[in-house]
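I'm keeping short notes today on what I looked up in this structure. Here it is, before I start.

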Amino acid sequence: MLVFVLAASAATDNITPGRSIRDGEALVSSDETFELGFFSSPVNSTTRYLGIWYKVSPETVVWIANREAPLLDHFGVLNVTKEGSIILQDKKTGIIWSSNRTRTAENPVLQLLDSGNLVVKDGNDSGSANLLWQSFDYPCNTLLPGMKLGKSFITGMNWSLSSWKGLNDPAPGRFSALIEPEGFPQLVVRNGSAIFYRGGSWNGERFTGTPDLKQVESFNLFKFTFELNKNEVYYRGEPYPSLISRLVVNQSGFLRRLVRTKQSQSWIEIYFAPLDECDHYAVCGPYASCSTNNCACLDGFEPKYPTEWDHSKWSGGCVRKTELACQNSVFTKYNGLKLPDTSNSSFDASMSLKECQEKCSKNCSCIAYANSDIRNGGNGCLLWFGDLIDMRIYPDGGQDLYVRMANSTLGHLVASKNLSKNKIVAIIVIAVILVGLILGGLIFFLRWKKLRKQAEGGKDDMELPVFDLSTIVKATDNFSDDNKLGQGGFGPVYKGTLPEGQEIAVKRLSKSSGQGLEEFKNEVGLIAKLQHRNLVRLLGCSIPGDEKMLIYEYMPNKSLDYFIFDQTKSELLDWRRRMHIIDGIARGLLYLHQDSRLRIIHRDLKPAMCY
Ligand SMILES: *[C@@H]1O[C@H](CO)[C@@H](O)[C@H](O)[C@H]1NC(C)=O
Ligand SMILES: *[C@@H]1O[C@H](CO)[C@@H](O)[C@H](O)[C@H]1NC(C)=O
């Protein structure tokens with residue numbers, strides 16, 4: 001009697017030798033999250049690949065066996081041999097791809113696990129000792145929860161991601177994402193052999209260049225592991241029950257973390273990098289840090305090539321204003337940083353910050369130090385032995401770095417060790433007298449200047465920078481209409497660009513505003529004391545003649561009304577962004593009402609920009 005099997009046979013998650021998966025058939029993991037089978041790119045349907053994808057999102061392929069050797073017809077067959085190798089073959093060409101193995105199996109089983117890991121096991125035991133091969137050891141462009149990104153120092157196995165070559169070509173492309181173990185291990189995306197983006201070293205909670213993840217972590221949905229021991233170094237995301245999550249390096253070299261649930265229709269990108277100009281590796285060159293797409297030398301350093309630097313060609317970086325003399329140096333603290341490249345670093349996880357400083361100060365080639373781990377107030381020691389490269393400033397979530405600097409007050413005195421004690425004493429005495437004289441003179445001079453200023457009805461005895469009219473005229477192209485941003489209640493507002501490239505908004509108070517000079521100065525002084533990242537910053541003012549102008553930082557993203565009242569633009573504001581905005585407004589208000597040095601009640605909250 002013939003039995004016709006009508007429905008596709010119940011999906012299985014494993015095969016044993018003698019059974020095969022043909023083009024058109026599939027393995028499905030037992031909880032039906034992942035599926036393994038044959039697929040084509042939508043454009044080129046003649047080439048076939050064997051891959052793994054999400055059952056709820058078949059277009060999202062997470063792993064491919066033969067990414068460099070496509071099948072050219074629909075006759076591909078997948079088998080597991082008696083010895084435990086996986087073989088993908090084609091009628092005409094023979095073996096297209098096969099897995100290697102370290103030993104021979106007795107009862108090999110090829111199984112697709114719920115994690116998306118395709119494994120060859122010996123027998124039905126799931127213990128890792130029985131594992132002969134796993135696809136998790138051969139990542140493509142996607143890191144799934146449970147998969148390692150890193151390196152084994154025992155087997156030399158390199159768990160790294162590589163981008164697809166093209167939208168329809170899964171062969172390895174130019175970009176790769178890896179944990180590089182040299183010095184102190186760090187996350188890096190390379191474009192060919194050049195570094196494209198550096199996520200940086202692991203600080204116990206996240207990579208130093210990913211402070212945004214602080215927020216993501218606070219949802220507590222994602223748990224990450226970073227392990228560094230003598231056998232291996234790796235980063236791994238841990239599975240979370242109801243969320244599907246993946247980390248991908250795409251064809252343009254971006255690292256993207258995407259999530260969805262089984263029920264939702266699409267993926268949500270919760271994080272990507274590089275995020276902005278400042279995230280491009282070493283944009284500012286050595287000893288400089290990047291902030292809002294601008295570079296600045298660290299304090300005590302100056303541009304190496306000043307002319308180029310003035311033209312925003314920053315790659316030459318900065319050099320010390322005062323050369324280091326090793327025996328006579330101090331450490332200066334810089335905070336809020338993405339720590340510099342650690343490929344030339346050494347570390348000791350057991351040291352305190354103080355021990356770290358001692359160690360660094362004893363070795364003349366040690367340029368800087370920091371805590372290697374920020375947890376519990378900071379511990380561990382990280383030492384830099386080369387130029388400090390690829391730093392940026394974070395308003396929130398940056399780290400502290402201590403840089404060796406020349407001790408300028410004593411700088412030249414102890415330069416020569418051959419000086420006799422008496423001479424040193426003499427020099428110090430003379431120096432103290434000199435310094436005293438200079439200081440005295442300076443104080444006298446400042447007093448005198450202040451008195452004179454007050455006599456003149458002083459213009460700049462406030463703490464805020466006062467801009468020359470000529471600077472403002474140049475920046476705003478002589479208040480040209482093209483640069484006019486709008487008309488506020490108190491006068492027109494212009495956009496401008498300072499010679500250093502910083503963009504500003506200039507509010508030109510109308511003469512009829514009726515405010516006197518004293519009132520104006522008081523108000524400006526007050527506003528200048530308010531510093532919060534959710535408030536537009538007042539950079540300075542200008543008081544030419546009887547005119548008064550306020551100079552603010554420019555907000556390139558426009559104001560909220562520009563987005564929310566426009567049907568198409570409002571779609572750009574997904575709930576995550578809206579939540580973020582609401583949160584930001586609330587923080588700004590809380591600061592004004594409660595946390596700032598002044599108490600200010602905001603009575604005019606609105607989505608439009610009103611400088
Ligand atoms: C890669 O991802 C980034 C960030 O999401 C995106 O802007 C870019 O368009 C993507 N590139 C490609 C080729 O899809
Ligand atoms: C300073 O540190 C470097 C790098 O760790 C090391 O090679 C060198 O021997 C050290 N020098 C001294 C004097 O300890």
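**Leu 337.** I began with Leu 337, which sits in strand S29, residues 329-338. (Strands are DSSP runs of E with at least two residues, helices are runs of H or I with at least four, and both are numbered from the N terminus.) Leu 337 counts as buried because its relative accessibility is 2%; buried means under 20% relative accessible area, exposed means over 50%, and partly exposed is in between, with a 1.4 Å probe and protein chains only. I then looked up its contacts (heavy atoms within 4.5 Å). Leaving aside neighbours within four places in sequence, Leu 337 is in contact with Thr 208, Ser 289, Met 391, Arg 392, Ile 393, Tyr 394, Gly 398, Gln 399 and Leu 401. Ser 291 is 46 residues from Leu 337 along the chain, and their C-alpha atoms are separated by 9.9 Å.

**Ground rules.** I noted that this is a predicted model, where local features need pLDDT of at least 70 and side-chain atom pairs count only at pLDDT 80 or more, while totals for chains, interfaces and linings use all residues. Residues are numbered from 1 along each chain as its sequence is written, chains are lettered from A and ligands numbered from 1 in the order in which they are written, and side-chain values use heavy atoms, with hydrogens and water left out.

**The whole chain.** I looked up the secondary structure and got nine helices and 39 strands. Of the 611 residues in the protein chain, 42% are buried. Among contacts between residues at least 6 apart in sequence, 51% join residues at least 24 apart.

**Leu 27.** Next came Leu 27 in strand S3, residues 26-28. Is Leu 27 buried or exposed? Leu 27 is buried, with a relative accessible area of 0%.

**Glu 180.** Glu 180 is in strand S17, residues 169-180, and it counts as buried at 13% relative accessibility. Its side chain makes a polar contact of 2.7 Å with the side chain of Arg 190. (A polar contact is a pair of N or O atoms within 3.5 Å; within protein, one must be able to donate a hydrogen and the other to accept it, and residues adjacent in sequence count only if both atoms are side-chain atoms.)

**Helix H9.** (The expected span is 1.5 Å times one less than the number of residues.) In H9, Gly 584, Gly 588, Tyr 591 and Leu 592 are buried. They cover an arc of only 95° around the axis, so they are on the same side of H9; the arc is that of the directions from the helix axis to the C-beta atoms. The face turned away from the buried side carries the exposed residues Trp 575, Met 579, Ile 582, Gln 594 and Asp 595.

**Ligand 1.** Last, I listed what surrounds ligand 1: Asn 250, Ser 252, Phe 254, Arg 256, Glu 269 and Phe 272, each with a heavy atom within 4 Å of it. An oxygen atom of ligand 1 is 2.3 Å from an N or O atom in the side chain of Asn 250.
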